[in-house]
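Open the model in your viewer and keep the selection tool at hand. This tour goes stop by stop.

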Amino acid sequence: MQLDQAKEIRQGEQLDEQKLAAYLSSSLKQFQGIDHIKQFPGGYSNLTYLIVSGSKQFVLRRPPFGANIKSAHDMGREFRVLSALEGLYEAIPKAVLYCKEEEVMGAPFYLMERVEGIILRPSNPPKPKPSPDMMRQISMATIDNLAKLHQLEIHESGLINLGKPEGYTQRQVEGWIRRYQKSKTDEVPAMDQIAEYLQSEIPAKTETTFIHNDYKYDNIVLDPERLDHILAVLDWEMATVGNPLMDLGTTLSYWIGADDAPALQMFNLTNLPGNLNRQEVLERYAEQTSRAVDNIDYYFVFACYKLGVIIQQIYARYVKGLTKDPRFAMLGHVVKACGDQGQKAIKLGRIYDLN
């Protein structure tokens, strides 16, 4: 089974190697220069590069070209989250360096140590595919790890300072609705109807925990020798303290089954045989956390909407000509599929068997 491999840099996403090497040489002790730069595959948001320097390997993360880096792609925040988690949670890459100066490559970026392993990406599925029994073990380990994140101590550790938990759920709902309106390019009635539902049904009481906010297979590095062992969780840019059921809802919205809409199959390899289904995920999480999850339908619908908004923001950049990546041309259909998924959950009153 192959390790997650970096590839040649996509056209238009090259880094200024000379400027970067000069900056790293002045900022890191014993930096040996840049031997190779390659780009990791997958992803529609932040760009990720492999930097090889002598015997050391680093991962560099920067916002996508043409994005609003001040709002949705805060590299400094991701670096601070990783730094705050050191000593509290072991499955993270070590944060190395943050650069806020845009002169180096046109946007802030940060550097972390590379964690080599297996990443289950739909765009680059592992060969051979894990057996159904192994996929079941991986899926259970994935949900157990999410439960562990939600049980981190947040007060004495200082994690509470990463966010403003009071009013978190309402702010999220209102904020994502505004983001959709600002990025809207086509009429998608299901998305508009979900927005009305979300505003009218905001839960009155919620809990507060540390949350990742983008927890899915392709943000998890697995041990090649033991696939049900998580070596590291990646992409912490949206991590904060807030409602854990919103985080679970996000994971569930990515947890696409083989019978879900074809346009959604790009999101995850949870469609492989052996994976827990969404109802089993919910039951596993409730067992691990002893948390009431009876109102998960609301959070699942919100997550479907949020996912649709994220895709719409990327699609809008393509429509406006800010990116020419051909993968983005069909994303309008994906936005509609996200809306339809959420709308079905509202109509049926459940998060599973939606087709």
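## A buried histidine

Select His-150, which lies in the loop between α3 and α4 (168-183). This is a predicted model, so read every stop as a prediction. Is His-150 buried or exposed? His-150 counts as buried, because its relative accessibility is 2%, and the cut-off for buried is under 20%.

Now show what touches it. Leaving aside neighbours within four places in sequence, His-150 is in contact with Thr-209, Phe-210, Ile-211, Pro-244, Asp-247, Leu-248, Tyr-285 and Arg-291.

## Along to Asn-213

Next, select Asn-213. Asn-213 lies in the loop between β6 (209-211) and β7 (220-223). Phi of Asn-213 is near 80°, a positive value in a residue other than glycine. Asn-213 is buried, with a relative accessible area of 6%.

## A contrast at Gln-30

Go to Gln-30, in the loop between α1 (17-27) and β1 (36-39). Gln-30 is not a glycine either, yet has a positive phi of about 60°. Is Gln-30 buried or exposed? Gln-30 is exposed, with a relative accessible area of 74%. Asn-213, by contrast, is buried.

## The hairpin

Color strand β2 (residues 47-53) and strand β3. They pair in the antiparallel sense over seven bridges. One place to look is Tyr-49, whose bridge partner in β3 is Leu-60.

Then zoom in on the turn. β2 and β3 form a hairpin with two residues between them. Gly-54 sits in that turn and has a positive phi of about 60°.

How many of the seven residues of β3 are buried? Five are, and β3 is mostly covered.

Phe-58 stands opposite Glu-113 in β5. Val-59 stands opposite Met-112 in β5. Turn the view as you step along a strand. In a regular strand the side chains alternate between the two faces of the sheet.

Select Leu-97 and look across to Leu-111 in β5, which stands opposite.

Why is β5 described as largely enclosed by the rest of the structure? Four of the five residues of β5 (residues 109-113) are buried, so the rest of the structure largely encloses this strand.

## A cis bond

Move on to Pro-128, in the loop between β5 and α3 (132-149). Select Lys-127 with it. A cis peptide bond joins Lys-127 and Pro-128. Omega there is about -5°.

## Arg-77 in its helix

Select Arg-77 in helix α2 (residues 75-85). Arg-77 is buried, with a relative accessible area of 18%. The cut-off is under 20%, so this value counts as buried.

Which residues does Arg-77 touch, leaving aside neighbours within four places in sequence? They are Leu-162, Glu-237, Ala-239 and Thr-240.

From Arg-77 to Pro-64, C-alpha to C-alpha, the gap in space is 16 Å. In sequence, the two are 13 residues apart.

## Step back

Clear the selection and show the whole protein. There are nine helices and nine strands in it. The radius of gyration is 20 Å, close to the 20 Å that the globule rule gives for 355 residues, so the protein is as compact as a globular protein of that length. Along the principal axes, the C-alpha atoms fill a box of roughly 60 × 45 × 45 Å.

Of the 355 residues, 53% count as buried. Among contacts in the protein with a separation of 6 or more, 71% come from residues 24 or more positions apart.

The accessible surface comes to about 16200 Å². Carbon and sulfur atoms account for 48% of that surface. Then color by charge. The protein has 40 positive and 45 negative charges, and their mean positions are 4 Å apart.

How values were computed. Residues numbered from 1 in each chain as written. Predicted model: local features only at pLDDT ≥ 70, side-chain atom pairs only at ≥ 80, totals over all residues. Heavy atoms only, no water. Buried < 20%, exposed > 50% of the residue type's maximum accessible area, 1.4 Å probe, protein only. Pairing = 2+ DSSP bridges. Rg over C-alpha atoms; globule rule 2.2 N^0.38 Å. Contact = heavy atoms within 4.5 Å. Areas by Shrake-Rupley, 256 points an atom, 1.4 Å probe, with all protein chains shown as cover. Lys, Arg positive; Asp, Glu negative; His and termini not counted. Charge placed at Lys NZ, Arg CZ, Asp CG, Glu CD.
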